[in-house]
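Student: I am new to this structure, and I would like to go through a few of its parts with you.

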Amino acid sequence: MTGINALFLLTGLLLFISVLASTISARLGLPLLLLFLGVGMLAGEDGPGGIVFEDFFIASLIGQAALSVILLDGGLRTRVSSFRVGLRPAAVLATWGVVGTAGLLGIFATWILDVDWRLGLLLAAIVGSTDAAAVFALLRNSGVRLNERVQATLEIESGANDPMAILLVTALVGMLLEPGSASLGGFVWMLVSQLGLGAMLGLAGGWVLARMMARLALPEGLYALLILSGGTLVFAATNLLDGSGFLAVYLAGVVVGNRRTHATEHVLRVMDGLAWLAQAGMFVVLGLLVTPTHLLDHAPEALAMAVFLMLVARPLAVLIGLAPFRYKRNELAYVSWVGLRGAVPVVLAIVPVVMGVPESRLLFDVAFAVVLLSLLVQGATVPLAARWLKVEVPPRDEPRDKREVWVGDEAALDLLEYCVAGGSRAEGRHPDSVADDFPGEDVRCVALVRARRLHPLTAHTRMIPGDSVWFVAPDAIADQIARIFGGTGGELSANASFFGEFVVDPECLAGDLADAYGLGIAEHERRLTVGALMLARLGRAAVVGDRVDIGAFALTVREMSEKGVITAAGLKCPPFGS
């Protein structure tokens, strides 16, 4: 019992230190995942902790279990609307992108490490895929709002590229251990079964879980456990049938997350904590597994491979793969740069060690060093690169908090919180008067919090800066209500420098807008609506932030519906006198 309690104490202490370390992550500008790794390495045999941990099988088991939780949580938070702009390019990157990156890097690795070409390709295949844990964590906690096309591409790619990486690693391990058993037909069948079974079982499992969550009457705390256990079942069953469990559990999460029920918000809150626990636990264990002195032995080669991967192999694969989709150069550069490596390459690097591949420890140490450099260099520059490459869009006006209050199996009230800003249109008004700005909509103030206390609503109540006001209102107009509370002084906001000084109705005729502002457009374009004109010139699905230049003027997509329809555009005029 003493040994068991000591294990519990050690596990709790490492996770506790990892969580506390997260408080300094933002101050240091380092990815949180890197700090988790650091805690594990400090606790390991070369650090002050002195813990000797060399069980690759247990580490692989923990890594795969944690990744299934992280992918499930990522799927729950992925909106189906993002597939509109990101599915096809992400699918290309999840297949060709992995193969192209691994091929280029494999040639370089064979030369720089002076090893058998199969070992070089195996190492490249191990680090050839981006990591869902790293991408989800860093993109969603970077503090920047990315262009939806870029964010959707990166997130869907990271959630879907594991089958190709696993296929390459499995095939190359087979070539090294049993050279005569490898065949092109076998590789193709393995890929088809991985992708096909993963997609089919993931969608089917997600549909079943979504219906169960909507129909079962469970204690509130059990809904998250239902989804977690169901996701684990989908993951394990798909793997047993030789499909991609990682793809299946991600798609199951997407299906469940996009079917809103009375339990969805609770499930998301609990799964958020479980995903963080999975990330912390996995990276601490992986940190324990590595021996830093071994990494230093191969530091020059790992550095050269990381530089080649970040600056040559990944960018070339992205450039070729996304060429048909008309991405802008700055978008291509950002997608190339945020090809983050994380837990998946480390977990894949364990496979050759467990299978007894010759020189597999060399592959593990170099792969781990490449992951460290990727997190340190690429991960730490995610916000900076977004601003420098201009793929971020200004924060949108939105409620400070949003809750769903379910009043039936299929009926819910949207509860929205806003904070009154100085100089806003809300200042000095009665809360109930906000409903006057939205005729035909059911907008009701239900609470006003002032100085952290509930303030009574009377006929003489007036909102002042700092007040927190709660409304029951349709979620569809939540952002429009937010503009009343922001310190914008009207429809024009601080975002005018990005979107433009004027808000344009995309349903108005382009010819009328051209006559009003002297825009130079072709005769056939005059008969189009502004929205249709923008789509025609873009030549692709639009996202918020897309810009169409018309002479010295610019039209920018300001708002879009869930169905991908432009609902507001901004017109930016040239400087006076230009």
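Student: How many bridges join strand β1 to strand β2?

Tutor: In this predicted model, local features need pLDDT of at least 70, side-chain atom pairs count only at pLDDT 80 or more, and totals for chains, interfaces and linings use all residues. Residues are numbered from 1 along each chain as its sequence is written, and side-chain values use heavy atoms, with hydrogens and water left out. Strands are DSSP runs (E, at least two residues), as helices are (H or I, at least four), numbered from the N terminus, and two strands pair if DSSP finds at least two bridges between them. Strand β1 (residues 401-406) runs antiparallel to strand β2 (residues 412-419), and the number of bridges joining them is 6.

Student: Which residue in β5 is the bridge partner of leucine 416?

Tutor: Leucine 416 in β2 stands opposite lysine 402. β2 also pairs in the antiparallel sense with strand β5 (residues 468-472), over 5 bridges. In β5, the partner of leucine 416 is phenylalanine 471.

Student: How many residues of helix α6 are buried?

Tutor: Buried means under 20% relative accessible area, exposed over 50%, and partly exposed in between, with a 1.4 Å probe and protein chains only. Among the buried residues of α6 are Leu119, Leu122 and Ile126. Helix α6 (residues 117-126) is mostly covered, and of its 10 residues the number buried is 7.

Student: Which helices do the buried residues of α6 pack against?

Tutor: Contact here means heavy atoms within 4.5 Å. By that criterion, the buried residues of α6 pack against α5 (83-113), α9 (162-177), α15 (299-321), α17 (343-355) and α18 (360-378).
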